[in-house]
Amino acid sequence: MKKAFLCLAVLILSVSVVFAGGAKESAKNTDGRPTVRLITDATGIDDKSFNAAAWRGILEYYGDTWENQTNRGTLYDVVTCQTQDMYIPTLKQASDEGYDLIVTTGFTFADALNEVAALYPDQNYMIVDVDYVNQPNVMQFVFAEEQGSYLVGLAAALQAKVENVADPKFGFIGGVPGATITKFEMGYIQGIKSIFPNAQIVDYYANDWGKPELAKAQAKNWYDSGVYAIFSAAGGTGGGTIAQAKEYRIQGKNVWAIGVDSDQYADGIYSGDKSAVLTSMLKRVESSTMYALNAVEKSEFKSGVIRLDMAADGVGFSSANPELSADVVSQVEAAKADIISGKIKIYGTYAETAAAGLAPAGLGAIDD
């Protein structure tokens, strides 16, 4: 009976966790650089968004590229957890293997990391989008998403003016509602409202990071009803918005998708250099993984919260799409400078944004 139970447990583990770099007997090495394991949710490093950015930072630190991952499996690797029940056992396994740094991405890992970090006091961990795992061995990174999102909202609104769109409507698609995604939505709304104070704005939360079909269906409904641009902060789910925007732009419809985290311009290409992604809110998660790895290498790793705002080049916007007006880019760059100087103040919570009269009632955003 014990043997049968053991076999079943091994089978469950193999199905639920994907070790993309292969298991190792030990994470120790003689290279001189630290070793790291990235642990992601089910969307993995191919989400072309949040997890991809974290992985890109690891690749850059080791001098590798997406196409040439020479040190993968020796100095770094990645594990994708297909379900949240695998967060704790996966964190424990990585901790047992002796990596110099373990990286988790997103607030869904917070509870699991808080539990495991207490069990391995000598292990270094980092987490992105969390500031409440107050363990002495956890480095936490937060971003000023509202600042970068203001820029893409501003860009979309200004582009609508350039294209002579009368009374443009705008949409926002979120993944799982929470304080972090609220910052994306509120910044976006404030950027739009700075140009169109009475703009109609709608939102939708998919409650999932990996279901692009949900975003695609919602985007189709909105575009059909006259929505001009949709900003998705939904991980892999947001790919559905881009897919629908591509279909409609091929048909000659003037609609736009707005990318998130990574520059998603290339994902929206449908002909030559024409892309359905007008711009992207750049959340440089890669900066956090590089920061933590450098800290470990220099023996300067410290627990605490590190905020990467626009002044620290933690957030920004993409001007890769040649159809984004040069005048629009110039005005957005000017706004960026004003944010850094403090001339433009941006609210990051629904409560503050609504109190300032800048956010409509009834949105799906939450501050908790």
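The model is predicted, so to speak of limits: local features need pLDDT of at least 70, side-chain atom pairs count only at pLDDT 80 or more, and totals for chains, interfaces and linings use all residues. Residues are numbered from 1 along each chain as its sequence is written, and side-chain values use heavy atoms, without hydrogens and water. There are two cavities of 30 Å³ or more, a cavity being a set of points, on a 1 Å grid over the protein atoms alone, where a 1.4 Å probe fits but cannot get out.

**Largest cavity**
- Its volume (the space filled by probe spheres set on the points, which are joined across faces, edges and corners) is about 230 Å³.
- The lining (residues with an atom within 4 Å of a point) has 21 residues, and Phe-50, Gly-106, Asp-129, Ile-181 and Trp-209 are the closest to the centre.
- Two or more lining residues come from each of α2 (50-61), α6 (179-193) and β10 (256-261), where helices (H or I, at least four residues) and strands (E, at least two) are DSSP runs numbered from the N terminus.
- The most is given by α6, with three residues.
- By class, eight lining residues are nonpolar, eight polar and five charged; Ala, Val, Leu, Ile, Met, Phe, Trp, Tyr, Cys and Pro count as nonpolar, Asp, Glu, Lys and Arg as charged, and the others, Gly among them, as polar.

**Second largest cavity**
- The second largest cavity holds about 60 Å³ of space.
- Its lining includes Ser-232, Gly-239, Thr-241, Ile-258 and Gln-264.
- Both α8 (239-250) and β10 give two or more residues to this lining.
- The lining has four nonpolar, seven polar and no charged residues.

Terms used
1 Å grid on protein atoms, 1.4 Å probe; cavity = no way out; pocket = protein on both sides within 12 Å on 5 of 7 lines; lining within 4 Å.
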